[in-house]
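Reader: I would like to learn how to read helices and strands in a model. Please take me through a few cases.

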Amino acid sequence: MQGKCFTVGIALVLGAAIVCQGEAASSDGLVADRALLKNPILFAKRVNYQGLHIYDTFYQWRPGGGIYVLENPADSQEQHRVRPVIDATTTNTLGAGIYFDPSLSYDAKRLLFCFKGQPHGHSAIYEINVDGTGLRQVTNLDKNGNPYKGTGGGHHDVKPCYLPDGRIVFTSTRYSGLVPCANNGVAILHVMNADGSDIHTISVNNVTEFDPCVLPDGRILFGRWEYVDRNALVIQSLWTILPDGRNETALYANNMVFPEAVLQAKPVSGHDALVVATFAPHNAPPRGTIAMIDTRVGKDDPAAIINFESPGNPVHDRGQSCDPWALNTHVVLYSGLPKEQDAPSIDRNPPDFKKRNNGKFNALMLIDRSGKKVLVHGDPDIDLHNPIPLVPRPVPVMVPDMTDRATSKGAFFVNDVYVSMPTVKRGTIKWLRVLEETSRVTGTAGANGLNQTFSISGALAWSAKIYHGIVPVEEDGSVYFEAPSGRALYFQLLDQDYKMVRGMRTFIQAAPGTTRSCSGCHEYNPKASGLPRPAGRAPRQLKPESWGSGWLDYSRRVQPVLDAKCVSCHGGAKGLAKGLDLSAGWTEVFNISYENLTARRERMYTADMVGGICGMNGTAYWSCKVFGPYEHGSGMAILADTLLSSTHSNLLTQAEKELVFAWMDSNAMYAGTWDYTLAPPRQPAYPRTINALKAVMKEAGCVSCHADDRGVIRRFDNWVNFDKPEMSTILRAPLAQSITEEGGYGLALCRNRKVNQVFSRRGLLFGFGYPHGVLDLKDFPTQVWPTSWPAEGSPVTPMASPSDARYQKMLAIIRAGRVEMLAQPRIDMPNADLIGSGAIAGRARQILPQALPMPLPEVTTAAEVQGYVRLNWESSARMIGLIAEVHRGPNAGFKPDETTLIGRTERATFCDTRPPPGTVHYAIVFVSDPAVTCGTTMSGAVYDYQNKPEKASIPVGTGCPLTSFRAQRSEPVFVSHDARKSVDPGIIKK
């Protein structure tokens, strides 16, 4: 019989140029046919996960099913024999619930699986023999669980897989990190002994990881989600890591837009370079299309893909298929939808449960490269998942553990930072900066999640970062340095002006006690690793930058520089040079200067003033790129060039310039910490004030210039200054030019012409919003930024003076809005820690506890509003994660104890609101206690020192299961304050 022939996309790579459908091909195992199924199949029955994201499946609840074996899969379905390994009816049972994630041992005699027994309960790992005997619980989150602050419920140990030495790798939410956008728990890679002991993480990710399994060479293959200074949607790519946490390496798709997620990847038996996987969308359940990837072709090359269900579109990732297991290089066993006649329709709206996104049950299926599908086995009442042939497999290579978990540092050696950057002149790169992408463990407050997502930045960066320091690059281009372990680190190269030459937008870790080496920065060849550390040369230690280290918060660090050096010309009495307002007045989410500096002035995907890369989901084709030297951050920022120009070079001190450049290289964060208040991050007073001002504009006849054809004033470009109402542009623009208060600081900006209602300097281009789905870059609006200032047209002065009734009416509206804002301030507003519930320390995850600082920091005091005393100390990298116990005593050098304790804080400031008269004496004791700060304490045992300061630390043994570290306390730091000094009257004024 002559078969139909088709060409395989990368057939030459695989050594088979042409494959023919027909009997010959089938007998060779190249076509989907049940005759290939010569062994029983282990599988799970569970209802399809429904929901919004691929990473929140463990929160969902619809019980039913179990783990089963199909004894004779090659026979017709009518002849199939299915026996339960474990379900609600077996002798060994965990009762009704969800049984999921089965993983078979290499000898095919035992299996791991997960079970969730309550709607908001934990998911734990169990082991059982294939014959249904020997059930045992491996992990126990009721004993070792952690306080959870996010949405959903419980903690979850999921996705277990046997390691070659008998240990188990799995993912877990034990560390209590939260996904910044959706506030779900973050599951990252962990390893434990076969009996569940010595649980420890081998990952430092701040977002979720997926589906670990072991490659033949002993590396762990897994899916890693990340979005360091890029979009949060499309980067769920394939990575490898060694079982001890060393050498995490991108394997495929870390700079591709589609497929959005590569999930459930496994090696293809008999072919070391092939992996089989599910391509899936991010905002959907973890189901899509079945594909193979040849990892030799290229890390980001679509030509590496054989998409079994969409041969004409290899990166296609939509569908209902999942859980692939390759029988060979051409045929895959998986969970998918049968043909219409083989799958009766079911109710998509089951009572009491989430609506199904498909009215069919998934079944066990076969598929080949031609797209031919064969039904293996279905169930009329439930979905079938995770098919695994019940046959022994070769044990992968065992990789020895080379780490030293008794230490808290690792090292990095780069042979030559200039490799892969031939356009960069040798000798121009002077420094390497080390940053950390942090993981939030505190919950979201306010009316929505903006405290931890969009208020971090104007859709640029998504997580608060810690600046750990810099090290010099040697004359030969090499750099060898130590860095802290347990942290998601990435590096930036700086030139002699401290501008960024090139920066990573992914992360790695310093595996404790080891040295990671590579040939150069941004060398993407996997063979470029493994260089020996330099003989006889000690690694350099990170040192703070000239401005310091730690958090880099815009309103606390950058805005004061602008206020002191820039605002006088850009928003102050002197005017509005180049139309750029750098004032500190608060906007709905940020402040005036921040929104103006991070504006997408001409293109939606580039904040050109600061070299920022837009991280909106829709602009993924831009943010997923690999950027070259001087292509983002301070290296290409208009602001950086301006500050180095002849007209501005002496305006800022060297330390101030380096601070502003470093801020730009954070991808222009606004909220540099996870701290927050209970106020809504989107200030409700802002839109109310703007609408009231627009009403006055209409009364004054401003609509003749400022409204569209329907009389609607659409454009309103940060014209209100809530910090200093009299400096609001809306008040100053209609007045004659003046630099005095009597003249209202007039700008004379009004012109007798129509205002373009589309053009804007907002953070996102006016009227477009936030596109969640990926768009072609040409589909985004563009605009031309004006080069002349002021704008064309004849000047007009609608208001004669500040005594004008319309001026006074507008000023009263702005002042009223200011009072409303400051009565419920955001964390970036004055006195946020003194009003209402105060400032709440946002906690970043600590995998390893923070060591006590040596030497101890200096503590300073300052007079505050109403006679309060403010204590401050450094907010450097070495202080983040420590608790400060504040004591007040009767005399200098007193002995602090529980009777002198007046408060605890994790912030670098504390306000004593009840100081006694005269000289006040303080002692600050710094405490390192991972049972409090690392996000890994026993369930229900959260240490709430803000409300119960008398509560003692959690005893060792009931806290973090990953460390036996005992709480450590520093010697006290003493400081005194003379309360008779002049008191700052504060800034809250009506």
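The dialogue below goes through a helix, a helix pair and some strands.

Author: This is a predicted model, in which local features need pLDDT of at least 70 and side-chain atom pairs count only at pLDDT 80 or more, while totals for chains, interfaces and linings use all residues. Residues are numbered from 1 along each chain as its sequence is written, and side-chain values use heavy atoms, with hydrogens and water left out.

Reader: How many residues does helix α9 have, and what does it reach from its first C-alpha to its last?

Author: Helices (H or I, at least four residues) and strands (E, at least two) are DSSP runs, numbered from the N terminus. The expected span of a helix is 1.5 Å times one less than its number of residues. Helix α9, residues 685–699, has 15 residues and reaches 21 Å, close to the 21 Å expected.

Reader: Which residues of α9 are buried?

Author: Buried means under 20% relative accessible area, exposed over 50%, and partly exposed in between, with a 1.4 Å probe and protein chains only. In α9 the buried residues are A685, Y686, T689, I690, L693, K694, V696 and M697. They fall within an arc of 165 degrees seen down the axis of α9, so they line one face of the helix; the arc is that of the directions from the helix axis to the C-beta atoms. The exposed residues N691 and E699 are on the face turned away from the buried side.

Reader: How do α9 and α12 pack?

Author: Two packed helices are described by the angle between their axes and the distance between the axes. Axes are lines fitted to C-alpha atoms, for helices over the stretch in contact (heavy atoms within 4.5 Å), and angles run from 0 to 180 degrees between N-to-C directions. For α9 and α12 the angle is about 175 degrees and the axes are 9 Å apart. The two helices α9 and α12 are therefore roughly antiparallel, a term for angles over 145 degrees.

Reader: Which way do the residues of strand β16 point?

Author: In a regular strand the side chains alternate between the two faces of the sheet. From β16, Q236, L238 and T240 point one way and S237, W239 and I241 the other, and all are buried.

Reader: Which strands pair with β16?

Author: Two strands pair if DSSP finds at least two bridges between them. Strand β15 (residues 220–225) pairs with β16 in the antiparallel sense over 6 bridges, and R224 stands opposite S237. Strand β17 (residues 249–252) also pairs with β16 in the antiparallel sense, over 3 bridges; there the bridge partner of W239 is A250.

Terms used:
Parallel < 35°, antiparallel > 145°, perpendicular 65-115°, else oblique.
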